[in-house]
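Me: I would like to go through this structure by asking what stands behind each description. Please set each value against its definition.

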Amino acid sequence: MSTNAKDLPKDLQNPLKRARGLGSAQFGVSHWWTQRVTAVGLILLGLWFVILVLGLLHADYATARATVAKPWNAVLLVAFIVTAFWHAVLGLQVVIEDYVHTRWKEIFLMVAIKFLAVLSVLAGALAVLRIALGA
Amino acid sequence: MAQTQRPLSPHLQIYKWQVQMVTSILHRATGIALAVGTLMVLWGLLSLAAGEDAFNQFKVCTGSPLGMILMIGWTWSLFYHLCNGIRHLVQDAGAGYAIAQFVRSSWLSIIVSIVLTLLVWAYVLTAGGAA
């Protein structure tokens, strides 16, 4: 027995699920889109970062510090850190959603990676600022 | 989860290995590796801000055999995720979905990422060792 497309329900969500308010979180499109925008940013920032590090291969401490302290390098480094951790959180979120099926563990991990990412970004930005401002 | 007994779709070991599967799995694996690698970048910056002793300690760790292996791994992870990420962005734009193109671009991601890793490490090693 074949099913015609017109016979399919328009809404595939279970009515009970809808009634409980456990439908989609409505963040899917912005998650997908932000992941792509940060990806494009990281193509540029990532290549720039590799070149920066290769240029510092044999630099002594003072040279490395002076290089990071240059305004453009400092700005791009902070941009790189923010974008990298943002993109990492979005990606890890998908992995956790796919493989962690115990609800409390899933939520714990999601919150934990966000806390860790925010702290890392703040610590990284502060480090770059200290270097750039000579503090 | 799993309060209902739904039929499961066949899992990985059922399928014959194809390069498109490998690129997809590697994209995830390298993504997770790079998430850990960003913490390494953070350590480098924090040690640079903290002072010369802390930075030298960081350089000793990254220059150690284990550190070098990790650095090579992260270099390849970065280039692979970069190449395959660009491939995914092209596919998101709707291009490259014919099976032949899909397979060819999979191989391209793998080969270009290995070539870039070799080039970078050839430069690092001929420039006289890491760190």
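Me: What share of the contacts in chain A with a separation of 6 or more comes from residues 24 or more positions apart, and what makes two residues a contact?
Reply: Two residues are in contact if their C-beta atoms, placed from the backbone, lie within 7 Å, and residues 24 or more positions apart account for 71% of the contacts in chain A with a separation of 6 or more. This is a predicted model, in which local features need pLDDT of at least 70 and side-chain atom pairs count only at pLDDT 80 or more, while totals for chains, interfaces and linings use all residues. Residues are numbered from 1 along each chain as its sequence is written, and chains are lettered from A and ligands numbered from 1 in the order in which they are written.

Me: How many helices and strands are there in chain A?
Reply: Helices are DSSP runs of H or I with at least four residues, strands runs of E with at least two, numbered from the N terminus; chain A has five helices and zero strands.

Me: Why is chain A called more spread out than a compact globule?
Reply: The radius of gyration, taken over C-alpha atoms, is set against the globule rule of 2.2 Å times the number of residues to the power 0.38. For 135 residues that rule gives 14 Å, whereas chain A has 22 Å, well over it, so chain A is more spread out than a compact globule. Its C-alpha trace spans about 75 × 30 × 20 Å along the principal axes.

Me: Which element gives the largest share of the side of chain A that touches chain B?
Reply: In all, 26 residues of chain A are in contact with 26 residues of chain B, and helix 5 of chain A gives the largest share of that side, eight residues.
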